[in-house]
Every structure is written in C-alpha cells, then in structure tokens.
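The report below works through selected local features of one model, beginning with a residue of an aromatic pair and moving on to loops, backbone angles and a pocket.

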Amino acid sequence: MLTYEQASDKVIIALDCSRERAFELADMLSGKATWVKVGMTLFYAEGPAIVDAMRERGLRVFLDLKVHDIPFQVQGAVRAASLTGADILSIHGLGSSAMVAAARSGAEEAAEARGGERTRLVAISVLTSMDQDALAEIGVTSPVAEEVARLASLSYGAGADGIVCSPQEAAQMRELLGPDALIVTPGVRPAGAEVGDQKRIATPAAAIEAGASKLVIGRPITGAEDPVAAFDAICAELMA
C-alpha cells in the first residue's frame with residue numbers, strides 16, 4: 001500500500017493553462033503535489049523562467065516539449081532544455097535512434113555543465129489522442145500496440161530513460177523494457193471524469209497496476225472546482 005507521499009510522487013499535474021492560472025495552481029498544490037508538467041503552450045509563452053518558478057515552489061518539472069528534429073538540432077535543444085533544471089524531458093521516438101542518442105548526449109552535456117543530475121528523457125510513442133484510424137491517416141498500418149512497442153524498443157535502446165504511452169500499453173511496455181524504465185502515461189482519467197480529446201485512457205489505479213511509473217493528469221485536477229480535493233482523491237485511490 002502506498003503512503004500519501006508515494007502516491008503524490010506518481011502524479012504529474014499538467015499545467016496546460018495560462019501563466020496566471022499555472023502559478024495559482026502551483027501555489028495551491030505546493031506542499032501536496034510533487035510534480036507538474038510544463039507543456040509547449042506554457043513554455044513557449046514564458047520561456048525557461050517558468051521552470052525556475054515551479055522549482056522555487058518545491059515542485060519537480062516534467063518539461064513536455066516533444067523535441068523532434070535532426071540529431072544536431074536535438075542535441076542542442078535538449079542541452080538547452082536540460083539546463084533549465086527540468087527533471088524529465090520528452091522527445092519524439094519517431095526521430096530515429098541517432099536522434100535519441102543525440103538527445104542523450106545533450107542531456108549529459110547539460111548535467112556536466114550544471115554539476116547536477118541528468119535530466120531524464122522519455123520518448124513519445126503514439127500520442128494518446130490518436131487511435132488506429134489516426135495512425136492510418138499518416139500511413140502507419142501496424143496496430144497501435146505494435147507501433148508503440150517498436151518505438152519504445154528503439155528509443156530505450158538508443159539512450160532514452162523510458163517512454164510516454166497510453167495506460168493501455170503500460171503493462172506491455174513494462175514487460176518489454178523491464179523494471180527500471182520510466183513509463184509515463186497521459187490519458188489518465190478518474191472514473192466519471194470527462195474524456196476530452198483522449199482516446200486511449202484508464203483510471204489512475206488501473207494505470208499504476210499496469211506498470212506506469214508516472215501519471216500525467218490535467219483537467220480532472222486543474223479544471224476541478226477544488227483542485228486540492230481532486231488531487232487528494234486521486235492520491236487516495238492510489239493508496240487504497
């Protein structure tokens with residue numbers, strides 16, 4: 001059975017909102033939450049200072065930038081992103097093993113420059129907003145689970161610390177990648193919550209049971225009438 005602190009460490013709160021709302025939520029949840037996700041919208045609007053602001057509040061940061069470019073650009077981009085002090089950074093598994101290896105090099109360079117821990121890298125497999133029809137639109141005919149497994153093996157073998165996948169693939173990924181892999185799952189919705197634009201979802205307890213390391217949860221917490229109570233309820237579910 002998990003303690004409250006252990007349950008809190010499993011949940012990454014997605015701050016997909018304005019700067020003002022992000023700070024409001026961070027202040028509200030500081031002391032309870034352990035992790036927040038800073039995505040592209042917030043990072044592009046506010047820059048690296050937003051990571052500093054969250055870390056000053058005692059929060060760890062998953063910087064979800066989904067970096068994807070030629071290896072040279074990715075190495076530099078990951079180095080720069082890692083210098084913010086982000087704890088986890090996302091890259092795209094679609095960029096090839098050479099790109100993932102370049103990302104790892106960039107993260108290692110940043111750790112040496114900062115004199116701190118290396119930012120951990122998680123590779124995006126198939127976005128949780130995509131289903132089989134969406135994959136077919138871009139010319140991928142293999143089943144979703146097969147595509148996730150292919151990209152996971154490629155990325156983990158090239159130096160990523162883990163992957164981002166839906167909760168529905170978490171058990172398969174844990175078996176494929178082993179106990180040390182960092183498996184981050186968006187598309188987590190408490191029972192009765194709005195699904196929104198997510199297609200491949202599961203409840204928090206089911207995702208952890210399946211093998212997820214971290215759960216990315218946004219609107220069920222940030223859009224709740226009482227975000228602290230919503231966060232506590234999710235932790236309670238994980239502790240049960």
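F231 is buried, with a relative accessible area of 0%, where buried means under 20% relative accessible area, exposed over 50% and partly exposed in between, for a 1.4 Å probe and protein chains only. The model is a predicted one, in which local features need pLDDT of at least 70 and side-chain atom pairs count only at pLDDT 80 or more, while totals for chains, interfaces and linings use all residues. Residues are numbered from 1 along each chain as its sequence is written, and side-chain values use heavy atoms, with hydrogens and water left out.

A search of the whole structure finds 1 aromatic pair. Because Y4 lies in helix α1 (residues 4–10) and F231 in helix α12 (residues 227–239), the pair ties together parts that are 227 residues apart in sequence. Rings of Phe, Tyr and Trp (its six-membered ring) pair if their centres lie within 6.5 Å, and planes under 30 degrees apart count as stacked, over 60 as edge-to-face and the rest as tilted. Helices (H or I, at least four residues) and strands (E, at least two) are DSSP runs, numbered from the N terminus. Y4 is partly exposed, with a relative accessible area of 23%.

Two loop residues come next. D161 is found between α8 (144–157) and β6 (162–164), and S213 lies between α10 (204–210) and β8 (214–217). Leaving aside neighbours within four places in sequence, D161 is in contact with R104, R118, T119, R120, L121, Y156, D180, A181 and L182, contact meaning heavy atoms within 4.5 Å. The C-alpha atoms of D161 and A181 are separated by 6.0 Å, although these residues are 20 apart along the chain. A181 is also among the contacts of S213, together with K10, R174, L182, I183 and I208, when neighbours within four places in sequence are again left aside. The side chain of S213 reaches the backbone oxygen of A181 at 3.5 Å.

Two residues other than glycine have a positive phi: K66, near 50 degrees, and S96, near 95 degrees. K66 is found in strand β3 (residues 60–67), whereas S96 lies in the loop between β4 (88–92) and α6 (97–114). H92, in strand β4, touches K66, V67, H68, M99 and I124, not counting residues up to four places away in sequence.

The accessibility of these residues is tabulated here.

| Residue | Relative accessible area | Class |
|---|---|---|
| D161 | 14% | buried |
| S213 | 12% | buried |
| K66 | 21% | partly exposed |
| S96 | 30% | partly exposed |
| H92 | 13% | buried |

The second largest pocket has a volume of about 150 Å³. R55, R60, G85, A86, D87, R114, E117, R118, T119 and R120 line this pocket, and its lining divides into 1 nonpolar, 2 polar and 7 charged residues. A pocket is an open set of points, on a 1 Å grid over the protein atoms alone, where a 1.4 Å probe fits, with protein on both sides within 12 Å along at least five of seven lines, and lining residues have an atom within 4 Å of a point. The volume is the space filled by probe spheres set on the points. Asp, Glu, Lys and Arg count as charged, Ala, Val, Leu, Ile, Met, Phe, Trp, Tyr, Cys and Pro as nonpolar, and the others, Gly among them, as polar.

Definitions and conventions: A polar contact is a pair of N or O atoms within 3.5 Å; within protein, one must be able to donate a hydrogen and the other to accept it, and residues adjacent in sequence count only if both atoms are side-chain atoms.
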